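Hi,

Here is the structure I promised to pass on. Have a look at it first, and my notes on what I found follow below.

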Amino acid sequence: MMLRIKRVPTVVSNYQKEEAEEGASHAAGCGRNCLRSCCLPGAKLPLYAFNKTSKVVCEKDSVGSENDEPPVDFLDSLLLAEWEDRMQRGLFRYDVTACETKVIPGKYGFIAQLNEGRHLKKRPTEFRVDKVLQPFDENKFNFTKVGQEELLFQFEPSKDNVVKFIPKAPIDAENSPSVVAINVSPIEYGHVLLIPRILECLPQRIDRESFLLALYMAVEAGNPYFRLGYNSLGAFATINHLHFQAYYLATPFPIERAPSKKIITTNGGVKISDILNYPVRGLVFEGGNTLEDLSNVVSDSCICLQENNIPYNVLIADTGKRVFLFPQCYAEKQALGEVSSELLDTQVNPAVWEISGHMVLKRKEDYEEASEENAWRLLAEVSLSEARLQEVKELIFETICCNLDENKDVTKTPVQESAVTPPPHEDVDAIRGSHPSMVPV
Ligand SMILES: [Zn+2]
């Protein structure tokens with residue numbers, strides 16, 4: 001049996017619309033200024049080269065540069081400034097900054113957004129939800145088909161450990177750059193896509209190198225309100241071309257304030273804990289002697305889930321210091337007819353943002369009646385049962401501990417309650433507008 005659900009696909013690019021409309025061809029290329037061989041030659045795009053060595057090395061010889069300041073502020077002056085530029089140019093399908101947002105009263109601080117524009121003008125499409133790994137299909141929409149105006153910049157590791165910014169860098173097709181692009185159906189301010197090695201046309205699946213790239217982006221942004229997320233196939237990803245999402249929202253997510261209980265610390269210093277007192281069961285990874293330690297443990301866990309055909313979502317929080325992992329089963333239940341019509345009628349797709357506590361609602365009545373109970377009820381359907389999660393954790397630990405055992409590099413520590421003090425909750429009005437780059441400069 002093949003499991004499918006019908007849902008309205010999210011339009012992430014203006015070139016994803018019904019392929020019927022042919023662009024008027026002018027000059028060279030296919031007329032769409034895309035990223036394929038028809039339009040790529042001669043194309044230029046800003047390049048931000050980040051430093052993989054987290055500590056800046058002070059060279060005695062270098063004159064007058066005691067601290068190696070980045071040539072451009074990554075989040076404010078590059079990412080958000082370029083994003084706002086595309087908003088001015090009218091590339092988005094609606095104005096997300098005009099969507100109503102509120103913090104739902106209660107102790108968890110769920111955030112509700114009314115977003116009526118996101119799913120207009122699209123018919124529901126069938127998605128296969130029972131295969132987390134599916135081969136790349138070049139006939140379907142993928143990011144090589146987006147217009148170059150939807151791209152913001154290339155994001156690459158620096159070759160000489162010096163942060164560099166080149167405003168007009170050639171796009172080197174041979175090296176398949178990683179790029180940051182807008183999502184034309186944003187759910188928040190600064191909503192972008194990180195597409196690792198875009199021209200390699202990788203399917204939606206985590207690998208070590210790509211996950212590390214996403215962590216580096218969180219580090220480079222350096223702001224806890226800028227998070228990255230990942231949805232696997234079967235967990236509400238709609239495009240089978242490897243991508244992460246990210247956006248800026250100046251309030252803590254409920255998941256970030258959930259208490260946790262330590263299970264284990266790897267010898268690489270990565271602490272793995274159970275998430276407690278939250279409707280979706282999952283794991284949180286933090287620490288690590290190096291960013292790569294953290295990245296490898298998380299990506300190996302994701303690879304384990306993929307290979308066992310378990311759909312999952314990932315949130316990268318705290319500037320890359322904490323990563324949440326949620327195996328989920330909502331789409332499967334939906335395909336099997338096990339989700340109540342009351343929940344289905346809301347058409348809310350519980351992907352990484354909803355699971356983290358940012359509820360993107362499509363109907364005004366759901367927004368007006370939004371309550372902690374409703375949010376909890378939806379998210380509880382997303383979660384694996386306690387027993388199933390236990391099995392899944394055993395699979396994960398077997399995978400990562402096997403890897404670790406080879407290096408004799410795992411230390412089991414007694415379970416202990418972590419002392420969690422949730423950060424004070426911000427004023428509703430402060431969610432938006434508190435960020436300096438909201439003011440044109
Ligand atoms: Zn083209």
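A residue is called buried here if 20 or more other C-beta atoms lie within 10 Å of its own. Please keep in mind that this is a predicted model.

With that cut-off, let's start at strand 10, residues 226-231, which is mostly covered: six of its six residues are buried. In a regular strand the side chains alternate between the two faces of the sheet. In strand 10, Phe 226, Leu 228 and Tyr 230 point one way, while Arg 227, Gly 229 and Asn 231 point the other way. Both sets are buried, with Arg 227 among them.

What does strand 10 pair with? It pairs in the antiparallel sense with strand 11 (residues 244-248), over four bridges, and in the antiparallel sense with strand 15 (residues 312-317), also over four bridges.

Next, the helices. The axes of helix 2 (residues 208-221) and helix 4 (residues 291-307) come within 9 Å and cross at roughly 130°. Angles over 145 degrees would count as roughly antiparallel, so helix 2 and helix 4 are oblique to each other. Their crossing is right-handed.

On the helix 2 side, the contact is made by Arg 208, Phe 211, Leu 212, Leu 215 and Val 219; their partners in helix 4 include Leu 291, Glu 292, Val 298 and Cys 302. The residues of this contact divide into eight nonpolar, three polar and two charged.

Happy browsing!

Terms used:
Residues numbered from 1 in each chain as written. Predicted model: local features only at pLDDT ≥ 70, side-chain atom pairs only at ≥ 80, totals over all residues. Buried ≥ 20, exposed ≤ 12 C-beta atoms within 10 Å, placed from the backbone. Helix = DSSP H or I, 4+ residues; strand = E, 2+ residues; numbered from the N terminus. Pairing = 2+ DSSP bridges. Axes fitted to C-alpha atoms, helices over the stretch in contact; angles between N-to-C directions. Parallel < 35°, antiparallel > 145°, perpendicular 65-115°, else oblique. Left-handed = near helix turned anticlockwise from the far one by under 90°. Contact = placed C-beta atoms within 7 Å. Nonpolar A, V, L, I, M, F, W, Y, C, P; charged D, E, K, R; others polar.
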